[in-house]
Amino acid sequence: MTNEDIQNMRAAMGTLPSQAPKKSYEYQDDISSIEVNMTDYTSNPYKVIVTACCATWGDDETGSMGKWEKMSPENRYRVALSHLTGNTLPQASEGVNFQFECNGVSRSDFDQHARARVGAHFMSIGTRDNNKLDSRFLFYDHILERMKKDPGYKEMVETWVKLTKDLYEDTINESDSSWQVGRAFLPQSVNHSYVFGMNLAALRGQMARRLMFCEQEGIVALHWKVRALIEEKFPLIASMMVPACDKAKKCVYMEGPEGLTKYFSNLFDGCGRWEVKNADNSAYREFNHSCTNPARLKELGIPIKDVSEFVHFGPDDYDKLDPKDKALFEQD
């Protein structure tokens, strides 16, 4: 490699000595901070699904081959819909893949997100391999709202921000130290950037949980934004990505199906999206408010859908499809 090649690579990576980050005391809420882009995806997920679902039938001459080509667009849609509604073998969704890049996500949100292991991969910026002097702190919206009302509280927060960054800087600048040593003083609120990929089966499973407001606000906001990106490309697939409570038509956080775990995991109250039945028997919670406020997420621009806004499809609803989906079903 030439020196020019190395300089180009390090410039892209952000590791040139001349690109030493400038110390920042910036902080913001962990909702509007979120950026997410879809970097890659299966070009025609419906063809992948239909081809896989039809593979188990056929005579000896053609076997599993050529099913997509022989079907009308309407019947391709019916097969895909059967799969997406859980009426075929589930493996077909594992052949449909998406990749996303994220920034403006707190480390604590990343830790929740990266728990996914089957059908998923995560690659994130390290605090050992990078100088984090320029990194923002991303606070719960509740903290920012309290700071607006309480000057004394705001002063404490900003004093903590300054002390934390100054301590980190002093630590990494010591001659025998390193970025690895300095990360001992980086909090869970530090901005964490990463890339993740999932197949459709894994993503739908994670969406069912992370779209509900019993999760912390950053991870909920991120998943609603991911859902919106998928809806831009594949509206039919996105229509199947709904909170688990909407599918169950009840508050699964307060009523189950978590069963006895709710007696040691219910920190928060329900969000009100679905009425809690038998409230006297499901009244345990540590805090008498929802973990995440959906109205506040909407105010901050997160594309949340109400229960009534989801589009539902039946086997004879081909003409109801978005033109983007129709074009894919009509591909050769």
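Between which two helices does the loop that holds K249 lie? K249 is placed in the loop between α12 (244-248) and α13 (252-255); helices here are DSSP runs of H or I with at least four residues, strands are runs of E with at least two, and both are numbered from the N terminus.

## Basis of the description

The structure is a predicted model, in which local features need pLDDT of at least 70 and side-chain atom pairs count only at pLDDT 80 or more, while totals for chains, interfaces and linings use all residues. Residues are numbered from 1 along each chain as its sequence is written, and side-chain values use heavy atoms, with hydrogens and water left out.

The phi angle of K249 is near 60°, a positive value in a residue other than glycine. Most residues other than glycine have a negative phi. K249 is exposed, its relative accessible area being 57% (exposed means over 50% relative accessible area, buried under 20%, and partly exposed in between, with a 1.4 Å probe and protein chains only).

## The four-stranded sheet

Four strands form an open sheet in the order β2-β3-β6-β4, with antiparallel pairing; two strands pair if DSSP finds at least two bridges between them. At the edges stand β2 (35-41) and β4 (120-124), each of which pairs on one side only. Direction ignored, neighbouring strands of this sheet are turned by 20° against each other on average. Strands of a sheet pair through backbone hydrogen bonds.

Along the sheet, β2 and β3 are joined by six bridges, and within β3 the bridge partner of E35 is N103. Eight bridges connect β3 to β6, where E101 has V195 as its bridge partner in β6. Between β4 and β6 (residues 191-199) there are five bridges; H121 stands opposite G197 in β6.

N199 also belongs to strand β6. This residue counts as buried, at 10% relative accessibility. Leaving aside neighbours within four places in sequence, N199 is in contact (heavy atoms within 4.5 Å) with S93, E94, V96, N97 and G119.

## Helices on the sheet and the nonpolar cores

Helix α10 (residues 217-233) lies across β2, β3 and β6 and runs at about 40° to β2. Angles run from 0 to 180 degrees between N-to-C directions, and axes are lines fitted to C-alpha atoms, for helices over the stretch in contact.

The largest nonpolar core has 59 residues, of which F98, F100, F122, I230, L236 and F329 touch the most other members. Such a core is a set of buried Ala, Val, Leu, Ile, Met, Phe, Trp, Tyr and Cys residues joined through side-chain atoms within 4.5 Å. Helix α10 supplies the largest share of this core, eight residues. Apart from this core lies another, of nine residues, including F139, L144, V157 and V161.

Beyond neighbours within four places in sequence, the contacts of F100 include V36, M38, Y194, F196, L203, V226, L229 and I230.

## The packing of α2 and α4

Helix α2 (residues 45-53) packs against helix α4 (residues 73-84) at an angle of about 85°, with the axes 9 Å apart. The two helices are therefore roughly perpendicular to each other (angles of 65 to 115 degrees; under 35 counts as roughly parallel, over 145 as roughly antiparallel, and the rest as oblique).

The contact is made by Y46, I49, V50 and C53 of α2 together with R76, V79, A80, H83 and L84 of α4. By class, this contact has seven nonpolar, one polar and one charged residues; Ala, Val, Leu, Ile, Met, Phe, Trp, Tyr, Cys and Pro count as nonpolar, Asp, Glu, Lys and Arg as charged, and the others, Gly among them, as polar.
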